[in-house]
Amino acid sequence: MSISQNYEDSYLHKGLRKQLLDSIREKGIKDERVLEAMDRVPRHFFLDTAFQQVAYQDRPFEILGKQTISHPYTVAFQTALLEVKKYDKVLEIGTGSAYQSCILAEMGAQVFTIERVKDLYQFISNDFPFIKRYPTIKRFFQDGFIGLATYAPFDKILITAGAPYIPQALTEQLKPGGIMVVPVGEKESQTMLKITKAADGTLHQEERGDFYFVPMLEGKTT
Ligand code: SAH
């Protein structure tokens, strides 16, 4: 599979990006560090050239393998909940287009991102030169339900697919004091959960509204 991409960031794209970020700010995102990172990552680089003109609308788009690049507001919302700090070790489930991974890397995080769809993993690794700008992003082809025990513990864990339940392997890989953001629910929409792990290992969760994600599925494709 291949898509046609354009890696030129014109004044038009920059202007459209500012407008998008203003609209996200108006919808209540206060974390300027998140918005600055989104300003530095041209979203149209992640989409087929057919979507160039609309890349800065606040809506999701289909990418390879019938997956989606998330709604920009959702990316901003999840990233803000994660309270990303420079040098944080962040585990992301659902690489997809790698847009979210690049936002996390722009914020100074060391990113470990997992994708279960082989075509997507291979596309990002072999046919997406922009990713080379971020040597702090490490990519893995595997089932995110299992996580990455070898690299654990993580300061932050972000799930960018709708999880049927909170995967226990992942809460175990979260550092005490860490934060995990996960949309949970199997049906039409998911409830965004912000889970914090106390120093003694106990988990606390807060509900932060309803969102829609493609499902988090078990296993990986061949
Ligand atoms: N973060 C992505 C969002 C992609 S949509 C972006 O910024 O573009 C969600 C992604 O999660 C899809 O690519 C899907 O294949 C992947 N996914 C679903 N279940 C998964 C699992 N168990 N492990 C890893 N990735 C998974």
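User: Where is Glu 83 found?
Analyst: In this predicted model, Glu 83 sits in the loop that runs between H3 and E3.

User: Why is Glu 83 called partly exposed?
Analyst: The relative accessible area of Glu 83 is 35%. A residue is buried under 20% and exposed over 50%, with partly exposed in between. The value for Glu 83 falls in that middle range, so Glu 83 is called partly exposed.

User: Why does Ala 98 count as buried?
Analyst: Its relative accessible area is 1%. Ala 98 lies in the loop between E3 and H4, and its phi, near 75°, is positive although the residue is not glycine.

User: What makes H4 mostly covered?
Analyst: Seven of the eight residues of H4 are buried. They are Tyr 99, Gln 100, Ser 101, Cys 102, Ile 103, Leu 104 and Ala 105. After the helix comes Gly 108, with a positive phi near 95°.

User: What makes the bond between Ala 152 and Pro 153 a cis peptide bond?
Analyst: Omega for the bond that joins Ala 152 and Pro 153 is about 5°, and the bond is cis. Most peptide bonds are trans. Pro 153 belongs to the loop between strand E5 (137-141) and strand E6 (154-159).

User: How do you know that the protein is as compact as a globular protein of its length?
Analyst: The protein has six helices and nine strands. Its radius of gyration is 16 Å, close to the 17 Å that the globule rule gives for 222 residues, so the protein is as compact as a globular protein of that length. Of the 222 residues, 51% count as buried. Among contacts between residues at least 6 apart in sequence, 56% join residues at least 24 apart.

User: Which residues have the most contacts inside the largest nonpolar core, and which elements give two or more residues to this core?
Analyst: This core has 50 residues, and Ile 24 and Phe 46 have the most contacts inside it. The elements giving two or more residues are helix H1 (11-26), helix H2 (32-40), helix H3 (72-81), helix H4 (99-106), helix H5 (118-126) and strand E7 (174-184). There is also a second, separate core of 20 residues, including Phe 140, Leu 148, Ile 159 and Val 184.

User: What does Phe 46 touch, not counting residues up to four places away in sequence?
Analyst: Among the residues that Phe 46 touches are Ile 63, Ile 69, Ala 98, Tyr 99, Cys 102, Phe 128 and Phe 130.

User: Why does Met 192 count as buried?
Analyst: Met 192 has 0% relative accessibility, which is under the 20% cut-off, so it counts as buried. Met 192 is in strand E8 (residues 190-197). Residues it touches include Phe 77, Gln 78 and Leu 81 as well as Phe 211 and Phe 213.

User: What makes a space in this structure a cavity, and how many of 30 Å³ or more does the search find?
Analyst: A cavity is a set of points where a 1.4 Å probe fits but cannot get out. The search finds one of 30 Å³ or more. About 390 Å³ of space lies in the largest cavity. Of its 29 lining residues, Gly 94, Gly 96, Glu 115, Thr 160 and Ala 161 lie nearest the centre. By class, the lining has 14 nonpolar, 11 polar and four charged residues.

User: Which classes of residue make up the lining of the largest pocket?
Analyst: That lining has six nonpolar, four polar and no charged residues. Its members include Pro 60, Ile 69, His 71, Phe 211 and Val 214. The space in this pocket is about 150 Å³.

Note on methods. Residues numbered from 1 in each chain as written. Predicted model: local features only at pLDDT ≥ 70, side-chain atom pairs only at ≥ 80, totals over all residues. Heavy atoms only, no water. 1 Å grid on protein atoms, 1.4 Å probe; cavity = no way out; pocket = protein on both sides within 12 Å on 5 of 7 lines; lining within 4 Å. Points joined across faces, edges and corners; volume = space filled by probe spheres on them. Nonpolar A, V, L, I, M, F, W, Y, C, P; charged D, E, K, R; others polar. Core = buried A, V, L, I, M, F, W, Y, C linked by side-chain atoms within 4.5 Å. Buried < 20%, exposed > 50% of the residue type's maximum accessible area, 1.4 Å probe, protein only. Helix = DSSP H or I, 4+ residues; strand = E, 2+ residues; numbered from the N terminus. Contact = heavy atoms within 4.5 Å. Rg over C-alpha atoms; globule rule 2.2 N^0.38 Å.
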